[in-house]
Amino acid sequence: MEKGVLSAAAMRSALFSQLPATETSRLLAASMPRQFQPGQVLFHQGDTPEYLYQIVAGLVRITQINSEGEQITLRIMRPGDLCCVAAFRQPSYPATATAIKDTTVLAWRVGSFVALTQQSPAIADNVVCIAGDRTREMLQRATEMTGKCIAQRIAASLLRLSVQAGTATADGIHIESPVTRVDLASMAGVTYFTVSRTLSAWQKQGLVRSGRHRLTILDMARISEIAEPRAARG
């Protein structure tokens with residue numbers, strides 16, 4: 001990816017939102033482009049943070065090993081996401097990031113990034129806003145796990161994936177093929193077989209089209225209704 005194209009893509013992200021030209025230039029100048037192939041790890045859970053990454057192109061799966069030794073998918077990072085803001089000024093990365101497509105990022109050494117936030121209130125404010133959005137998402141997921149039935153949790157996770165890794169098509173929202181049913185099951189806190197049964201039932205109802213390497217939401221309104229019934233919204 002050419003430098004100009006790379007910079008233009010990066011500046012469409014929340015990290016660069018409404019930054020003055022001087023701060024934008026400073027942020028770009030301190031970064032370095034890096035490429036990751038599918039399966040390559042950007043960082044491992046527990047490692048000392050060395051870099052913060054801004055995803056410019058591709059997809060990255062964020063996973064965590066829980067207390068029972070199980071690997072769970074936390075989210076799929078897409079272009080525009082800052083990965084992993086939770087490690088900012090922390091002693092270790094809280095999760096593992098793995099490229100699931102050819103991925104291009106801008107990388108900042110943590111020390112340099114901290115210095116930039118200290119020099120620029122505008123950059124620091126954007127980082128705080130990003131961290132706040134991630135915190136709200138995690139709280140919402142925790143609420144779903146305790147307050148919603150299985151179908152609601154799967155629907156809510158499917159909607160989340162449609163935002164993180166979805167592409168609009170003539171038929172509906174297609175979830176990128178590197179994203180698997182295992183990811184959906186992990187995000188919803190259910191088993192793979194429960195997800196498979198649920199998707200099969202929804203396919204018969206015309207809500208989704210599901211296959212081994214594809215998943216398309218055909219009826220977004222109905223999936224949204226399952227995730228959050230009108231009575232609950234009101």
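Trainee: Let me get the terms down: axes are lines fitted to C-alpha atoms, for helices over the stretch in contact, and angles run from 0 to 180 degrees between N-to-C directions. So at what angle do the axes of helix α6 and helix α7 cross?

Mentor: Keep in mind that this is a predicted model. Helix α6 covers residues 181-188 and helix α7 covers residues 192-204; their axes cross at roughly 105 degrees and come within 8 Å. Since 65 to 115 degrees counts as roughly perpendicular, α6 and α7 are therefore roughly perpendicular to each other.

Trainee: Which residues of α6 and α7 meet?

Mentor: On the α6 side you have Arg-181, Val-182, Leu-184 and Ala-185, and they meet Tyr-192, Val-195, Ser-196 and Leu-199 of α7. Sorted by class, that contact has 6 nonpolar residues, 1 polar and 1 charged.

Trainee: Okay, sheets now. In what order do the strands of the sheet with β4 and β5 come?

Mentor: The order is β2-β7-β4-β5, an open sheet of 4 strands with antiparallel pairing. β2 (41-43) and β5 (71-77) are the edge strands; each has a single partner strand, so one side of each is left without a neighbour in the sheet. From one strand to the next, the twist averages 30 degrees.

Trainee: How many bridges are there between β4 and β5?

Mentor: There are 6 bridges, in the antiparallel sense, and β4 spans residues 60-65. To find the pairing by eye, look at Ile-65, which stands opposite Gln-71 in β5. Your α6 comes back here too: α6 packs on this sheet, touching β4 and β5, and its direction makes about 105 degrees with that of β5.

Trainee: What about the sheet with β1 in it, what is the strand order there?

Mentor: That one is an open sheet of 4 strands as well, ordered β1-β8-β3-β6 with antiparallel pairing. Here β1 (32-36) and β6 (82-83) stand at the edges with a single partner strand each, so one side of each has no neighbour in the sheet. Inside, β3 (residues 51-57) and β8 (residues 103-109) run antiparallel and are joined by 6 bridges. Leu-52, for one, has Trp-108 of β8 as its bridge partner.

Trainee: And which strands does helix α3 lie across?

Mentor: Helix α3, residues 110-119, lies across β3 and β8, and runs at about 70 degrees to β8.

Trainee: Towards the other end of the chain, which strands pair with β12?

Mentor: β10 (residues 173-175) pairs with β12 (residues 214-217) over 3 bridges in the antiparallel sense. β11 (residues 208-211) is also antiparallel to β12, with 4 bridges, and a hairpin of 2 residues links β11 to β12.

Trainee: Changing topic: how much space lies in the largest pocket?

Mentor: About 340 Å³. The lining has 17 residues, and those that lie nearest the centre are Arg-75, Asp-81, Asp-133, Arg-134 and Glu-137.

Trainee: Which element gives the largest share of that lining?

Mentor: That would be α4, with 7 residues. Both α4 (121-147) and α5 (150-165) supply at least two residues each. By class, the lining divides into 8 charged, 6 nonpolar and 3 polar residues.

How values were computed
Residues are numbered from 1 along each chain as its sequence is written. This is a predicted model: local features need pLDDT of at least 70, side-chain atom pairs count only at pLDDT 80 or more; totals for chains, interfaces and linings use all residues. Side-chain values use heavy atoms; hydrogens and water are left out. Two strands pair if DSSP finds at least two bridges between them. Contact means heavy atoms within 4.5 Å. On a 1 Å grid over the protein atoms alone, a cavity is a set of points where a 1.4 Å probe fits but cannot get out, and a pocket is an open set with protein on both sides within 12 Å along at least five of seven lines; lining residues have an atom within 4 Å of a point. Grid points are joined across faces, edges and corners, and a volume is the space filled by probe spheres set on the points. Ala, Val, Leu, Ile, Met, Phe, Trp, Tyr, Cys and Pro count as nonpolar, Asp, Glu, Lys and Arg as charged, and the others, Gly among them, as polar. Angles under 35 degrees count as roughly parallel, over 145 as roughly antiparallel, 65 to 115 as roughly perpendicular and the rest as oblique.
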